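Happy to look at this one with you.

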Amino acid sequence: MIYRHFNAPARAFTQFSHDIIRHPRLSSDAVRLLTWQLSLPQGARESLSRTAERARIGACAFGRAKRQLKEEGFVHERRVQGPGGRWVTQQLVSGSPLTADQAAKLLARASVASSQVAPSPRKPAVGPPATSSTDRHPKKDPPQDTSHHPPQADAVEESPRLEDARALVGTLPALSPALRHIPPGMRDELARLAARWLDAGHTPADVRRHVQRCLPAAGTPVHRPGGLVRHLLRDVPPRELPRPVPTTRLSPRLAGARECAGDHTQTMLFRPVGDETHCPRCVSEVRS
């Protein structure tokens with residue numbers, strides 16, 4: 001039998017519908033994300049990702065929660081172009097499910113503020129004006145052929161585990177149908193990211209478990225599997241070493257003792273003289 005004790009708060013509270021708290025298809029992270037957004041003060045412009053960060057919801061869990069809220073009609077998004085030509089993403093969070101047409105009408109009423117800043121007044125350059133040194137013929141012919149390619153930076157040292165990382169990336173499509181269409185052009189980039197995990201001490205099994213653990217729910221379409229794997233391998237966590245298993249050590253009083261191989265109700269220890277495996281009692285019983 002369960003008893004409940006509840007006092008209605010006198011301040012700092014928000015009214016929520018039971019349909020949100022008891023929604024059969026929303027996870028706990030989705031409900032927390034939605035109720036947190038609805039509890040913000042009027043006029044707040046906090047994004048869903050910022051709310052998830054404050055609520056300590058991880059990246060993978062946030063993606064699933066946001067997808068659930070969009071599927072149920074609590075969250076709507078659209079891309080619009082502001083007055084200055086800059087594209088922005090509008091997010092609408094509602095306390096009740098809305099259709100796409102209803103959300104479009106509400107978003108159309110919201111003004112898109114321009115984020116451009118007026119240019120600062122120009123300051124004159126110091127010193128007398130100078131002519132440009134370009135568009136002129138060289139005074140002397142170069143002693144040798146010149147390259148049209150820009151100078152390349154020093155090549156980054158490749159990881160010694162790069163071949164193992166390439167083989168690891170080749171096994172990722174077997175983890176889920178969502179990863180079967182990784183673009184071949186991204187495999188070198190993903191192999192370099194996977195090599196960083198191997199260089200840090202992680203095993204290929206560790207990498208596969210991490211990717212599989214962060215995949216979306218079964219049946220969820222993944223439109224950019226290569227970008228998803230790149231996001232999951234971008235940060236390399238420190239490898240947790242297994243704790244050493246404590247070993248049982250005999251006391252100095254029992255040093256040199258050996259367990260008898262005979263039939264005893266309890267463990268029988270004896271101190272052998274040579275290489276015998278049975279205690280004197282078992283040996284005497286066999287002789288008799």
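Predicted model: local features only at pLDDT ≥ 70, side-chain atom pairs only at ≥ 80, totals over all residues.

Residues are numbered from 1 along each chain as its sequence is written, and side-chain values use heavy atoms, with hydrogens and water left out.

Q: How do you know that Cys60 is in no disulfide?
A: A disulfide here is a pair of cysteine sulfur atoms within 2.5 Å. For Cys60 the nearest cysteine sulfur is that of Cys214, 3.3 Å away, and a search of the whole structure finds 0 disulfides.

Q: What does relative accessibility make of Cys60?
A: Its value is 22%, so Cys60 counts as partly exposed.

Q: Where is His23, and what is it in contact with?
A: His23 sits in the loop between helix H1 (18-21) and helix H2 (28-38); helices are DSSP runs (H or I, at least four residues), numbered from the N terminus. At 13% relative accessibility, His23 counts as buried. Contact means heavy atoms within 4.5 Å, and leaving aside neighbours within four places in sequence, His23 is in contact with His18, Glu72 and Phe74.

Q: Which residues of helix H8 are buried, and why are they said to line one face?
A: In H8 (residues 204-213) the buried residues are Asp206, Val207, His210 and Val211. Seen down the axis of H8, they fall within an arc of 130 degrees, so they line one face of the helix; the arc is that of the directions from the helix axis to the C-beta atoms. Their cover includes H6, H7 and helix H9 (225-233).

Q: What describes the packing of H6 and H7?
A: The axes of H6 (residues 162-171) and H7 (residues 187-199) come within 8 Å and cross at roughly 115 degrees. Axes are lines fitted to C-alpha atoms, for helices over the stretch in contact, with angles from 0 to 180 degrees between N-to-C directions.

Key
Helix = DSSP H or I, 4+ residues; strand = E, 2+ residues; numbered from the N terminus. Buried < 20%, exposed > 50% of the residue type's maximum accessible area, 1.4 Å probe, protein only.
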